[in-house]
Amino acid sequence: MTPRLGSLVGLIAIWWILSLGASPFGLPGPPAVFEAFVELIESGRLISALGVTLSSFAVGGLLAVLMGVPLGILMGFRPWVGRAVDPYLTALYVMPFSAIVPLLVLWFGIDEQVRIVFIFLFTLPQVAIVCYQGARRTPATLVEVARTYMASERQVFWKVLIPYEVPFIFTALRLGVGLAVQGMVVAELLIASLTGIGYLLEIAGATLDLATTLAIIIFIMVLGITAVAILQRIENSVAPWRHGVTIEGGGNA
Amino acid sequence: MPDAKIVLDGVRKAYRTRKRRDSFLGRLLPEPRPQTVEVLALDDLTFSVPEGRFVSIVGPSGCGKTTALRMMDGLVRADAGRVVVNGEPVTGPRPECGFIFQDFGLYPWRSVLDNVAFGLELRGIAREARYERARANIELVGLAGFERNFPHQLSGGMQQRVGIARTLTVEPEILLMDEPFGALDALTRRVMQFELVRILQARSGATSVFVTHDLDEAILLADTVIVMTARPGRVKEIVDVPFPREERGEPLIESAEFSELRHRLWKSLSEEQAARSASVRQSLSASRS
Amino acid sequence: MATERARAETLTGLRLPHVRRLFVPPLVLLVVLVAVWWVLAIDQPVYLLPGPLLVFERFWGLTVVSGDVWQALALSMSALVAGAVLALLVGAPLGIAMGANRSVEKVFGPYVNGLYVAPVSALTPLFVWFLGIGLEPRIATVFVFSAPIIALTCFRGARDTPQTFVEVARVFGASGTQVMTKTIIPHSVPYIITALRLGLGRAVKGTVLAELVVSVTGLGELLQGYATRFDSASLMAVLIVLLLLGVILQVVVARVEVAIAPWRQAT
């Protein structure tokens, strides 16, 4: 714990020192940024912007998980479905997603809908892929054990395959949330809208208010990291026996 | 034999595996038609297991002993020949067969109690009834008090005991054991061997087939030892173990008779081990494309 | 029987699907998707949902006839390559150092992980602020996108070096540096290739994002141009190009990975 805290303090210290040397248009120091942050909260602007942004994040992310998990599981248990869909999911996962934004804006305009669709499309492939990988790799022994006890197909599905999947589903959730946050931010950046975090950033940029910009950015990054950390905790406690699969994230659009 | 519980007659089993490319370029380019190599695991394997007897199968690695065992519970199908259990040809797993796996096969999300009660749960037996039977077997294998624990909290030896308890709980007529102590260290293995002797004495009457590569284990536990040849596997020789059940313990292993028997089996086995090295060399050169 | 197949797999280790089985199901799905698309597009105005034929025509036009797409990509290349190379030069040694040395991991770990998980796209406006409009913020964005995954993958490579390998080296009298160069680094090489693949994927994403935010050259400019002209067909064509490129790159590099280190299990 101490080296981590130490390096964080060190980083802030370096930031502070750098900010002291620069001109008024240069780097604002920690106190100025903190002040800006407080102002954002007190005026309620951050909260309302967050509310708008988070709702599209929640809806888009939820849809992606609700559709992605069953899709991935289906792909794992029915290999031909898996083989058919996998290349497309991989293609989506690898693609620079921001490229889709202009098209989406053309189709859906610039309000709520477009953000939800973007976040949904962005998060779905990875969630599905994780569940697919997990379902595919169910160890043969576990299924064989059930068969020696004369389990029916349905019993194998519910009593062996699904329980085995659960940790993967949590991993998919964690990744999904992380991705959805990233997608949300990208959506905010690229879609010129009149509400939400993106709008706040725009105004701060237009008025050359670097302190506010920094405050918002730091806040978003911390939010993203915290959300994932919490989910990681939950994931660890659900499945202490850890199936141990390396999952690579494709995020940040 | 007229009262044979399990019969294998002329069993043949082959696997198809892909030849692996050996050069970097070979692995890089896609294979339009992968070349396969046929591996004959079992060829004309014939033996039978009388009712109530404990039979050990030993042989060099890869001789197909595990395959043969799996055929008895219908996990693998023979290409040719017959596998007959209780007078009926085997088409799939049987409720009267219990199978114990080398890697335990415990469900990590289930407690010890739920793992042991698994077989009964599948049969739809009510919770209290199955827990009662499960508890009895947990106690029998010496794990009383660990009912609420999870597999990852237990040592290897304890996990295998759970596996044994789970199988015993469904009260199978036939016990099939696939190197159950293979994943354990030598000391634990010895302890478990004596445990198994004790447990099986408490439940006499089960026909058992035990696959292992450990000779001491094979002799200690069995009434009969079947030695298999190197791949493709068939029966090399069948040796009866004359020691009475009550005497199967520590002093027996030290005795001269035991050593003699062990030595005899060892000679037989090492001939096969040498044959196996020769065939591994052969298959490596065959798979170079 | 599934169990038999599973055992055959373990006998040989890796099992890549037969080429025919690999291609047919996705092609079938493709045909179905295109058919559905065609039907849906029949009554729609062209700017909204162009039909597959039109899009394919545009696709052909952009790639083969005018080569606009390649020109745009070339413009994007400089930021992409510079950023990716930088990310590799910084990320790989850092990752390996983190894997080899626990204190390094303790200090840098949280930041690398944090940058990987955080929505670093939020940093792009910041880069624009400090570095102006031009090549620099794009390189910075690409760097920030790809460096963490490169570092994390190389970290895995170094950290997962079985202790046994290290001990064998020590027992034969290897010095600290030799342990590094003769065991840890060779073990990490396949992971570095994987890191490259993943890093490139992220780098491309970073490039496109930067261009859309900064929006002056390359693909970003191309895409924005089509958007303002309501040219959905061309937009979709460009997306298809990107998709194809991504997949081809993935497949090729994945094969290289397997070819280099056949003892590894491919993900």
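Chain A contains 10 helices and 0 strands, where helices (H or I, at least four residues) and strands (E, at least two) are DSSP runs numbered from the N terminus. The model is predicted: local features need pLDDT of at least 70, side-chain atom pairs count only at pLDDT 80 or more, and totals for chains, interfaces and linings use all residues. Residues are numbered from 1 along each chain as its sequence is written, while chains are lettered from A and ligands numbered from 1 in the order in which they are written.

The C-alpha atoms of chain A fill a box of roughly 75 × 50 × 30 Å along the principal axes. Of the 253 residues in chain A, 47% are buried; a residue is buried if 20 or more other C-beta atoms, placed from the backbone, lie within 10 Å of its own.

Chain A also meets a neighbour: 48 of its residues are in contact with 53 residues of chain C, contact being defined as C-beta atoms, placed from the backbone, within 7 Å. Several helices of chain A each supply at least two residues to this side, including helix 1 (2-21), helix 8 (153-190) and helix 10 (210-238). The residues on this side of chain A divide into 32 nonpolar, 12 polar and 4 charged. Here Ala, Val, Leu, Ile, Met, Phe, Trp, Tyr, Cys and Pro count as nonpolar, Asp, Glu, Lys and Arg as charged, and the others, Gly among them, as polar.

Notes:
Two residues are in contact if their C-beta atoms, placed from the backbone, lie within 7 Å. A residue is buried if 20 or more other C-beta atoms lie within 10 Å of its own, exposed if 12 or fewer, and partly exposed in between; C-beta atoms are placed from the backbone.
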